[in-house]
Amino acid sequence: MSTEFKTSKPIYGQIADRIIQQFVRGELRAGEKLPSVREMAIQSGVNPNTIQRTYGELERLGVVETKRGQGTFMTEKNEMKQKLRTDIQREMIQAFVNNMRQIGLSDEEIHDSVHECLKGGGES
Amino acid sequence: MITFDHVTKQYGKRKPLHDITYTFEQGKVYGILGPNGSGKSTMMKMIAGLVYPNEGAVLIEGKPVSRSIARNLAFLSTEGMLYNSFRVEQMIQFFQSQYPDFSMGKAGELLTFMELDRRQKVSELSKGEQGRLKLLLVLARKTDILLLDEPFIGLDPMVRETIVKGLVSFIDFGEQTVIITTHEITEIEPILEKALLLESGKVTASCNVEEVREEQGLSVLEWLKANVQKEELA
């Protein structure tokens, strides 16, 4: 299945986000080899230039390493995974808080409702 | 590089193309979008050397298009590509006999990829299979230019997805100049680099696909809707 892409963000960035999330969730392991640019392009149904950009961006962020003649690999640095997890966490919480404020909840109400949700069985 | 230099085409009073100036760079993937009758197919036929301009010139690598220049070009047209009495393998052999750049090896790979049966007759193929066979025939050639005129027309979403994957797998990105005319923008959008909008024979807008997302937060479809001046797209 090729992926649906959101319109609000460039496709290369959306694929980068997906790789980062898979890494944080443990679906991609540290040091694991990523598909070649062409393979990844086929899997995602996008132009290979887009994947080139995705890998370039991830390398700039230190999430992947390109080894000459061997391909692109997930970083083996443990602190990177930790940092990415914290980043994603912060981003999600920020988005949630923004949404809640937008519908008019006070910080105290947000706090209370989160607390209640966690107490009342968490996952839903 | 393909250049349209003030190109006008006229049939009687009708002007399918009106003073078009545009340059297609080598190795990029273009989408020509626009309502029916906007002149998309006429542009394609001109690049293929099947229709000549009344005014202006169409140039490939600086030379006016002629049938011989157009040999280095594969054209998936909406009609007249397949012969009903042929079997799939006969269509492949026929193309091989016509084009020295046709690769039997690539055709074999594409047969598997497109899940076509080489023994089947063209007349017995479903619309989706015919669409896949047409694509096989043009992708098995090694050409500088690949023109796809409405490759998705009448095909269901599953087939469209297979075709997009086929394109990503077999286009020579960075080398081949690919021009696709289409209405089905959503499927094709992730492989386009540039899009141009054609309305009533004029290029009314053009964009760089990733830039539109990055700078305006729009998909090509939304960009198109924001730019279409006359009629709504189907």
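Predicted model: local features only at pLDDT ≥ 70, side-chain atom pairs only at ≥ 80, totals over all residues.

Residues are numbered from 1 along each chain as its sequence is written, with chains lettered from A and ligands numbered from 1 in the order in which they are written.

Some terms. Helices are DSSP runs of H or I with at least four residues, strands are runs of E with at least two, and both are numbered from the N terminus. Contact means C-beta atoms, placed from the backbone, within 7 Å. A residue is buried if 20 or more other C-beta atoms lie within 10 Å of its own, exposed if 12 or fewer, and partly exposed in between.

Which residues of H5(B) are buried? They are Ile163(B), Val164(B), Leu167(B) and Val168(B). These cover an arc of only 135 degrees around the axis, so they sit on the same side of H5(B); the arc is that of the directions from the helix axis to the C-beta atoms.

Now Leu136(B). Leaving aside neighbours within four places in sequence, Leu136(B) is in contact with Ala107(B), Leu110(B), Leu111(B), Met114(B) and Leu116(B).

Finally, chain B as a whole. Chain B has eight helices and ten strands. Of its 234 residues, 39% count as buried. Its C-alpha atoms fill a box of roughly 50 × 40 × 35 Å, taken along the principal axes.

Notes
Contact = placed C-beta atoms within 7 Å.
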